[in-house]
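Please look through the sequence and the structure shown below before reading the report.

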Amino acid sequence: MKNFMDENFLLETKTAISLYNNYAKDLPIIDYHCHVSPYEINDNLRFDSITQVWLGGDHYKWRAMRAMGVSEDFITGNATDREKFRAWAKTIPMLIGNPLYHWTHLELQRYFGVMEPLCEENADKIFDHCNEILQRDDMRVRGIIQKSNVEVVCTTDDPIDKLDAHHALASDENAPSKVLPAFRPDKAMNINKETFAGYIKTLEELCDIKINTVEDLKKALKDRLDYFDKHNCSVSDHALDKLIYAEASTEELNKALLDAKVGIVPNAHLTEAFQTTILEFLAKEYHDRNWVMQLHFGCLRNNSAKMFKRLGADTGYDAMNSVSDPQKLISFLSKLEEAGKLPKTILYSLNPTENEVLLTVMGCFQTDGGVGKIQLGSAWWFNDHLIGMEKQMKDLASIGVLGAFIGMLTDSRSFLSYTRHEYFRRIVCNMIGNFVESGQYPNDEKMLKTLVEGICYKNAKDYFNF
C-alpha cells in the first residue's frame, strides 16, 4: 500500500518517478488563463485567514459543501472565517476521488507544511497554524507567486479595464513574475443580456465615440485592443454558451444594436449573428496582432433562478451543456482561414464527449500556423480532475499530437492553486511512463525529456511568445 500523497503521489512506475523528478518538478509555471486579481498582486495583499484565500470565491468548494447539506451561512453567508473553515473541514473527508481532496492537501503540504489529512477533528488546529503562516511576509501574494516558481500570469480583463495595476507591475523591478492582461470582451458581445446597454454606454464614454452601428462598436473595440496591446497583452478569452455561427445583414445587425441599447432583446438568430460578427472581427484583429484566441464553450450558466437572484453569477450554479454543433465551428474557422486571418486558437469544451469531434475539426485547420496552431485546451472546469485530464490527453494523443500540447492552466481565483500544475505534471509523467513501461513508446531519455518539458512548460512559452 502506498502512503497517503507522498513524494510519489500519482506516479505508478519507476519511469514516471524519474520523468517527474528529473524533468517536470522544477519547471517554471506559465499560467496563461486565470481569474486572480492583478490589483492584489500589485498591492501584495496579505490574507487575514486561510478561509479568505481558500473559500472566498471558490465555487468548486461551495458546490461540494452544499451537496453535504452545509447551510449557505457557512458558505457565502455571515458565519465567521473559523466556522466556514470548520464546515469545509467536515466536508473534505467525504470527497474521496474528487480533485478538491487532492488540491486541498497539496496546498496544505506545499504552503503550510501540513501533512495530515484535514478533517473536522483537526480543523481548529490547522486553521490556527495556517493563519499564523499567512502572516509571514513570504506568504503575502507576491511571496506565494515566487514560492510557486511562476514565470507568467495572464489575468482576465474586460476591455473597459484601465489596466493600471498591470502598468504598475510592468515597471516594478520587484514584481514576482510577468503579470499580463488577457482581453475578455464578453460583455460587448452579449447583446441579449440586461447589462448590454449600460456596458455600451460605458464603452462610449471611455472611447469618446457614439456606438450606434456595428462599425462603431468595432472601432471602440479596436481602440481598446490598441490599449491592451500597449500593455503587452497577447491573449484573448471568450466565454460562449455554445459554438456560434450565423449571418444577418448590416441593417439587421445595426437595428438589433439600437434596440438593445434601449432594452429590446433581439431574437436568438440575430443575437447569434451579432456575436458571430463581432467575434469574427476580433479574431482577425488577433491574427494581425499575433494574439492567441481562447474559446470556452459548453456551459449552462446560472441555472438556479432562486440563487442567481440571491447571490448573482459565478457562485456555483452552472452546469455542462449538451453537445454543440461542429458545423458552426467549421464555418467560423473556415471563413477566417479563407481570409488569411485565422489566429492561433485554443478550444475548450466543458463537455468532454466533444473532445474527439473537436480534434478532428482542429486537424482540418492546422495549416500554415507553426506547431499546434489550433489547440485542444486543457481539461476545463468540471473536467480538471485525474480522469478528465487523462481523457483529454489520451484523446489528444490518439487523434492529434500530444507532444505539441501547451499544457495546464489554473483557471482559478486563488493564489494557492498553482499546485494544480504539480497535479497535472504528475499525471503527465505517469501517463507517459505507462506508455514506456508497457512497450508503447521507447525508453529514449532525450525524447522523453523533450516531451515532458514541452507539455509542462516549453510549448506554452513558445506558443504565446512569452
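This is a predicted model: local features need pLDDT of at least 70, side-chain atom pairs count only at pLDDT 80 or more; totals for chains, interfaces and linings use all residues.

Helix α11, which runs over residues 196-207, has twelve residues and reaches 16 Å from its first C-alpha to its last, close to the 16 Å expected at 1.5 Å a residue. Its buried residues are Phe196, Tyr199, Ile200, Leu203, Glu204 and Cys207. Because these residues cover an arc of only 140° around the axis, they sit on the same side of α11. The face turned away from that buried side carries the exposed residues Lys201 and Glu205. What do the buried residues of α11 pack against? Their partners are α10 (186-189), α12 (214-230), α13 (250-261) and α14 (268-289). After α11 comes aspartate 208, whose phi is positive, near 55°.

Helix α16 can be read in a similar way. The helix covers residues 326-338, has 13 residues, and reaches 18 Å from its first C-alpha to its last, close to the 18 Å expected at 1.5 Å a residue. The buried residues of α16 are Leu329, Phe332, Leu333 and Leu336. They cover an arc of only 90° around the axis, which puts them on the same side of α16. These buried residues pack against α14, β5 (292-297), β8 (344-349) and α17 (355-362).

## How helices cross

Two packed helices are described by the angle between their axes and the distance between the axes. The table gives these values for some helix pairs.

| Helix pair | Angle between axes | Distance between axes |
|---|---|---|
| α1 (14-24) and α19 (419-437) | about 135° | 7 Å |
| α6 (99-112) and α19 | roughly 115° | within 9 Å |
| α13 and α14 | roughly 105° | within 10 Å |

## Two residues with a positive phi

Most residues other than glycine have a negative phi. Leucine 163 has a positive phi of about 60° although it is not a glycine, and its place is in the loop between β2 (150-154) and α9 (164-170). Is leucine 163 buried or exposed? With a relative accessible area of 1%, leucine 163 is buried.

Tryptophan 381, which is likewise a residue other than glycine, has a positive phi near 60°. This residue lies in the loop between β9 (374-376) and α18 (386-399), and at 9% relative accessibility tryptophan 381 counts as buried.

## Two residues and their surroundings

Lysine 284 is found in helix α14 and is partly exposed, with a relative accessible area of 28%. Which residues does lysine 284 touch, not counting those up to four places away in sequence? The residues in question are Leu336, Ala339 and Lys341. The C-alpha atoms of lysine 284 and proline 343 are separated by 7.1 Å, although the two residues are 59 residues apart along the chain.

Valine 70 lies in the loop between α4 (59-67) and α5 (81-91). A residue counts as buried when its relative accessible area is under 20%, and valine 70, at 18% relative accessibility, therefore counts as buried. Leaving aside its neighbours within four places in sequence, valine 70 is in contact with Met65, Ile75, Ala87 and Thr91. Valine 70 and leucine 19, by contrast, are 51 residues apart in sequence and 41 Å apart in space, C-alpha to C-alpha.

Conventions. Residues are numbered from 1 along each chain as its sequence is written. Side-chain values use heavy atoms; hydrogens and water are left out. Helices (H or I, at least four residues) and strands (E, at least two) are DSSP runs, numbered from the N terminus. The expected span of a helix is 1.5 Å times one less than its number of residues. Buried means under 20% relative accessible area, exposed over 50%, partly exposed in between (1.4 Å probe, protein chains only). The arc is that of the directions from the helix axis to the C-beta atoms. Contact means heavy atoms within 4.5 Å. Axes are lines fitted to C-alpha atoms, for helices over the stretch in contact, and angles run from 0 to 180 degrees between N-to-C directions.
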